[in-house]
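The following note sets out some points on the structure shown below.

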Amino acid sequence: RTVLLLGVLVVCAGGTAQANEHDVSRNLFRSGIKLFEQKDYAGALKQFSAAYDARPDARILLNIGLTQEALGDAPGAAGSFHRFLATLEQGKYVRRREVVRKKLDGLKARIGSVMVACDMEGASVNLDGAEVGRTPLTLPLYMDPGPHELKVSADGRKPHTETITASPGKHDELSVTLSPLDLRPEAAPVPAPAPEEKASTPVIVESKQEQVATEVARSSTRIYKKWWFWTAVGVVVAGATTGAVLGTQLG
């Protein structure tokens, strides 16, 4: 693996700021090589990644890929090798390019990949919870065999999430359409109609005298409606009449 490592990058800088960036990148690059040779691959990857962030030079991607391969990260190594081949200036490092191409082909036979296309530019693409890029993606996403969660999202659009099952040597293509979110406010719920109130019967408050008079009237009405009352009254009246007649007659 160390045979393929690129040595210290020598760059002629045109400005002070650019020279400082190149110095930082070069120092990080040198540190990464030393750590790689000491088999501190995690430390080497950190230094190479920082060197690439300071100055995105395609040649650094070769060392990043070799370090990821040493760490057992086949999908990461495949991605770095693919970027190295895609961005390296044509006609340079021809021999190394051929070796890297063969290594990439060997990795592809062990892992799966998917090419994601989206109808929106600048959408975030997440694989297993980590952002791996923004659309449009120019390179496939490499994955270990097995299920993986892919999520594509953008502001103002419904996110698209699905599970992709990667298989060794299998390459998939996925086209995603992000639907606009419905940002209209929801209608307020219509309140249930209030139960109808029954009209209350007015309560008449009577005085004590009025209550007594009312009760007497009710009693009188009730007793006058009884048949036995009128029979008794008839007897009394008849007796009275008879008495009167007899009295008249005896007088």
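1. Helix α2, at residues 41-54, has 14 residues and extends 20 Å from its first C-alpha to its last, close to the 20 Å expected at 1.5 Å a residue (1.5 Å times one less than the number of residues). Helices (H or I, at least four residues) and strands (E, at least two) are DSSP runs numbered from the N terminus. The model is predicted: local features need pLDDT of at least 70, side-chain atom pairs count only at pLDDT 80 or more, and totals for chains, interfaces and linings use all residues. Residues are numbered from 1 along each chain as its sequence is written, and side-chain values use heavy atoms, with hydrogens and water left out.

2. An open sheet of mixed pairing is formed by three strands in the order β4-β1-β7; two strands pair if DSSP finds at least two bridges between them. Because β4 (141-143) and β7 (171-176) each have a single partner strand, they stand at the edges, and one side of each is left without a neighbour in the sheet.

3. Strand β1 (residues 112-118) pairs with β4 in the antiparallel sense over three bridges. The bridge partner of G112 in β4 is M143.

4. α4 contributes five residues to the lining of the largest pocket, the most of any element.
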